[in-house]
Amino acid sequence: MSTENIIACLDQKVILLTQVWDLTKQIELRCMQDDIQLDGLLEQRGVFIERINKCNDLIDRLTAELPPEQRERMTKLLNGNITQADCGSEEERHILELSKKYHFILQKAAVLDQSARDKLRKQCDELREKINQGRRSEGQDGMFQNIK
């Protein structure tokens, strides 16, 4: 029963992470524009990440309930630290396949996320520099000059 629930959680994680990846692609594309408008994309992605974390918690609880030998094997399967040939059952092969798929999507999403972060950081730095230049050029004519 625990194995079936773990598989269901892994299936759900792959679906949710695919949604995160799709949203991250949209975020990355929007970060290429001059006027970045992310709307609710970050919030939507956050909801999916929270759901993934709940799946992770459930998998951890289900794995903890397994006998020590099975728990160790399940941990190896979940981390992809076993080969397809070493899988002893169809369930194990399925768990390994889902785990590898999840980690593959996670890696791709992380690359896109880093790219979007870099672009946002660059734009933020550029805007900060423009603001600072504006403040320097205002000099004595600044709007806060008379404030004491």
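1. Helix α2 first. It has 24 residues and spans 35 Å from its first C-alpha to its last. That is close to the 34 Å expected at 1.5 Å a residue. Note that this is a predicted model.

2. Which residues of α2 are buried? They are L41, R45, F48, I52, C55, I59, L62 and T63.

3. Overall fold. The chain contains four helices and zero strands. Along the sequence the pattern reads α-α-α-α. Among contacts between residues at least 6 apart in sequence, 62% join residues at least 24 apart.

4. Overall dimensions. The radius of gyration of the chain is 23 Å, whereas a compact globule of 148 residues would have one near 15 Å. The C-alpha atoms fill a box of roughly 75 × 30 × 25 Å along the principal axes.

5. Burial and surface. Of the 148 residues, 30% count as buried. The chain exposes about 10,200 Å². Carbon and sulfur atoms supply 51% of that area.

6. The nonpolar core. The largest one has 34 residues. Within this core, L10, M74, L77, L78 and I95 have the most contacts. The elements giving two or more residues to the core are α1 (2–30), α2 (41–64), α3 and α4. Of these, α1 gives the most, with eleven residues.

7. I95 deserves a look of its own. What does I95 touch, leaving aside residues up to four places away in sequence? The partners are T3, I7, L10, M74, L77 and L78. Among them, L10, M74, L77 and L78 are also on the list of core residues with the most contacts.

8. Salt bridges, in total. How many does a search of the whole structure find? The search finds eleven. Side chains of opposite charge can pair when their charged atoms come close. The next points take some of the pairs in turn.

9. K76 and E72. Their side chains meet in a salt bridge at 3.8 Å, N to O. Both residues lie in helix α3 (residues 68–79), four residues apart, about one turn of the helix. An α-helix has 3.6 residues a turn, so residues three or four places apart point the same way. K76 counts as partly exposed because its relative accessibility is 37%, between the 20% and 50% cut-offs.

10. R93 and E90. This pair sits in helix α4 (residues 90–138), three residues apart, again about one turn. The side chains meet in a salt bridge at 3.4 Å, N to O. E90 is exposed, since its relative accessible area is 57%.

11. R136 and E129. R136 forms a salt bridge with E129, and the closest N and O atoms are 2.9 Å apart. R136 counts as exposed because its relative accessibility is 55%. E129, at 35%, counts as partly exposed.

12. A charged network. R45, D113 and R117 are linked in a network of salt bridges.

Note on methods
Residues numbered from 1 in each chain as written. Predicted model: local features only at pLDDT ≥ 70, side-chain atom pairs only at ≥ 80, totals over all residues. Heavy atoms only, no water. Salt bridge = Lys/Arg side-chain N within 4 Å of Asp/Glu carboxyl O. Buried < 20%, exposed > 50% of the residue type's maximum accessible area, 1.4 Å probe, protein only. Core = buried A, V, L, I, M, F, W, Y, C linked by side-chain atoms within 4.5 Å. Contact = heavy atoms within 4.5 Å. Expected span 1.5 Å × (residues − 1). Rg over C-alpha atoms; globule rule 2.2 N^0.38 Å. Areas by Shrake-Rupley, 256 points an atom, 1.4 Å probe, with all protein chains shown as cover.
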